[in-house]
Amino acid sequence: DADIVDKLIGDMLFDLDGKEECTSKERALSIFKKSPDKYDMYTAKITNVRQFRLAIKYIALGSSFRQAARIFQATKEEVNLGYFGSLNESKVIGYICIMVAFSLQSIKDLLAKSWCYSVVFDGSTYQHTSYLDIQMQVYYQGDIKNIHVIALPMFDRHTGDYMYELFSNPFDNLDTLWKLKLVGITTDGA
């Protein structure tokens with residue numbers, strides 16, 4: 001979906017204040033190609049599925065992008081498997097962008113099929129940066145699904161208006177009817 005790549009990943013996850021960030025954004029988003037038959041769709045091609053799976057697993061275990069690339073290289077050398085190809089930090093970032101886009105698209109599809117949901121805000125701090133963690137509960141196919149949507153860095157004071165802005169920007173793209181479907185918001189008071 002074009003909104004996921006353009007607005008959520010492209011605009012939200014990259015700070016466009018400086019030229020370096022703009023170059024990083026262009027490089028990271030270069031893995032997504034507009035679909036020739038559908039004007040509002042993007043595709044991303046993964047040429048080495050094993051490499052992709054290993055990189056995602058390394059990140060899921062808590063590795064940084066650089067660590068994941070180095071661990072991959074060490075694994076490849078240890079098991080002597082040249083067909084794994086080479087993996088660098090930029091390629092790991094591209095794989096993560098693909099996973100984020102896939103996850104956000106899955107959430108968007110789920111919300112389109114849901115008639116109501118509730119949201120949980122949780123404020124936290126990691127390495128001197130505050131985050132607004134957005135989770136939700138969705139009633140879908142007779143069951144309540146608990147979903148972690150996204151954790152967004154908070155660079156401003158933690159006012160209600162600021163948290164509303166952080167929340168509404170992604171949700172305007174994930175579900176245009178979110179204001180009609182939202183039945184409650186809970187916060188930890190941070």
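**Helix packing and salt bridges in a predicted chain**

In this predicted model, helices H3 and H4 pack with their axes 9 Å apart and at an angle of about 125 degrees; the axes are lines fitted to C-alpha atoms, for helices over the stretch in contact, and angles run from 0 to 180 degrees between N-to-C directions. That angle makes H3 oblique to H4, on a scale where angles under 35 degrees are roughly parallel, over 145 roughly antiparallel, 65 to 115 roughly perpendicular and the rest oblique. The crossing of H3 and H4 is right-handed, a label given when the near helix is turned clockwise from the far one by less than a right angle, with anticlockwise being left-handed. On the H3 side, the contact (heavy atoms within 4.5 Å) is made by Gln51, Leu54, Tyr58 and Ile59, and H4 contributes Phe65, Ala68, Ile71, Phe72 and Thr75. Sorted by class, the contact of H3 with H4 holds seven nonpolar residues, two polar ones and no charged ones; here Ala, Val, Leu, Ile, Met, Phe, Trp, Tyr, Cys and Pro count as nonpolar, Asp, Glu, Lys and Arg as charged, and the others, Gly among them, as polar.

Because the model is predicted, local features need pLDDT of at least 70 and side-chain atom pairs count only at pLDDT 80 or more, while totals for chains, interfaces and linings use all residues.

For orientation, the chain has seven helices and six strands, where helices (H or I, at least four residues) and strands (E, at least two) are DSSP runs numbered from the N terminus. Read from the N terminus, the order of elements is α-α-β-β-α-α-α-β-β-β-α-α-β. Of the 190 residues, 37% count as buried, with buried meaning under 20% relative accessible area, exposed over 50% and partly exposed in between (1.4 Å probe, protein chains only). Among contacts between residues at least 6 apart in sequence, 52% join residues at least 24 apart.

Helix H5 (residues 89–112) packs against both H4 and H3. With H4 (residues 65–79), the angle is about 110 degrees and the axes are 8 Å apart, so H4 and H5 are roughly perpendicular to each other. Their crossing is right-handed. Phe65, Arg66, Ala68 and Ala69 of H4 meet Glu89, Val92, Ile93 and Ile96 of H5, a contact of six nonpolar, no polar and two charged residues. With H3 (residues 49–60), the axes of H5 come within 10 Å and cross at roughly 85 degrees, which makes H3 roughly perpendicular to H5.

The structure holds three salt bridges, each being a side-chain nitrogen of Lys or Arg within 4 Å of a carboxyl oxygen of Asp or Glu. One of them joins glutamate 89 to arginine 66, with the closest N and O atoms 3.4 Å apart. Glutamate 89 lies in H5 and arginine 66 in H4, so the pair ties together parts 23 residues apart in sequence. Both partners are partly exposed: glutamate 89 has a relative accessibility of 29%, and arginine 66 has 45%. Aspartate 143 and lysine 145 form another salt bridge, at 3.8 Å between the closest N and O atoms; aspartate 143 is partly exposed at 41%, as is lysine 145 at 32%. In the salt bridge of aspartate 175 with lysine 181, the N to O distance is 3.2 Å, and both of these residues are buried.

Tryptophan 115 sits in the loop between H5 and strand S3 (117–126) and is exposed, at 61% relative accessibility. Its C-alpha atom is 8.4 Å from that of tyrosine 140, 25 residues away along the chain. Proline 170, by contrast, is buried at 2% relative accessibility and belongs to helix H6 (residues 160–174). Proline 170 and valine 149 are 21 residues apart in sequence, with 9.5 Å between their C-alpha atoms.

Definitions and conventions:
Residues numbered from 1 in each chain as written. Heavy atoms only, no water.
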